[in-house]
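Here are a few friendly notes on the pockets and the cavity, for you to read alongside the model.

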Amino acid sequence: MNKGERGFIALKLDMAKAYDRVQWVFLERVMARLGFDDRWIKLIMNCVSSVSYAVLVNGHKSRFFNPGRGLREGDPFSPYLFLLYAEGLSALINKNGKEKKIHGLKICNRAPVVSHLLFADDCIIFARASLEEAEKLKEILMDYEKESGQMVNLDKS
């Protein structure tokens with residue numbers, strides 16, 4: 001790298017037990033902020049929260065119980081709901097990008113700036129390789145963890 005050129009970093013994030021940690025209240029708030037109709041939100045939240053489980057304990061089935069959070073892995077709808085959930089992280093990254101606190105990367109002059117890519121529970125974030133931007137990204141992730149209940153798995157990220 002020549003003097004005066006800036007380096008960039010790419011962070012591949014792994015969320016710990018991502019689907020299990022989805023807080024239904026946060027999902028509902030995100031859908032409302034995105035402008036979904038109240039009837040749609042109620043329908044989705046009914047689908048999400050109507051699940052019940054029973055487990056085998058020493059070969060005997062327990063009583064059914066209802067969880068207070070989480071999405072069903074393997075359900076074809078869950079990755080889409082998780083993307084709505086991850087919109088909270090996306091909004092934080094976009095807000096800080098607009099405020100010039102973090103800078104995504106461009107692959108050529110006419111290309112758009114890319115600050116992050118999301119697919120279900122996978123996330124890659126691009127930023128300048130500087131202490132300031134690393135600290136800002138850490139702050140963004142801490143805010144997201146606090147508000148959403150998600151947690152970055154540092155061993156897999």
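Before the points, a word on classes: Ala, Val, Leu, Ile, Met, Phe, Trp, Tyr, Cys and Pro count as nonpolar, Asp, Glu, Lys and Arg as charged, and the others, Gly among them, as polar. Please also keep in mind that this is a predicted model.

1. Let me start with the largest pocket, which holds about 400 Å³ of space. Its lining is made up of F26, R29, V30, R33, L34, E87, G88, A91, L92, D143, Y144 and E147. Helix 1 (24-33), helix 3 (78-98) and helix 4 (131-148) each contribute at least two residues to that lining. By class, you will find 6 nonpolar, 1 polar and 5 charged residues there.

2. Next comes the second largest pocket, with a volume of about 260 Å³. It has 14 lining residues, and I102, H103, G104, L105 and V113 are the closest to its centre. The top contributor to this lining is helix 3, with 4 residues. The split by class is 5 nonpolar, 5 polar and 4 charged.

3. How many cavities of 30 Å³ or more does a search of the whole structure find? The search finds 1, and the largest cavity contains about 60 Å³ of space. Around this cavity sit M15, F82, A86, L89, L118, A120, D121, D122, C123, Y144 and Q150. Helix 3 and strand 5 (122-128) are the elements that give two or more residues to the lining of the largest cavity, and helix 3 has the largest share, 3 residues.

4. A last point on that cavity: its lining divides into 8 nonpolar, 1 polar and 2 charged residues.

Note on methods:
Residues are numbered from 1 along each chain as its sequence is written. This is a predicted model: local features need pLDDT of at least 70, side-chain atom pairs count only at pLDDT 80 or more; totals for chains, interfaces and linings use all residues. Side-chain values use heavy atoms; hydrogens and water are left out. On a 1 Å grid over the protein atoms alone, a cavity is a set of points where a 1.4 Å probe fits but cannot get out, and a pocket is an open set with protein on both sides within 12 Å along at least five of seven lines; lining residues have an atom within 4 Å of a point. Grid points are joined across faces, edges and corners, and a volume is the space filled by probe spheres set on the points.
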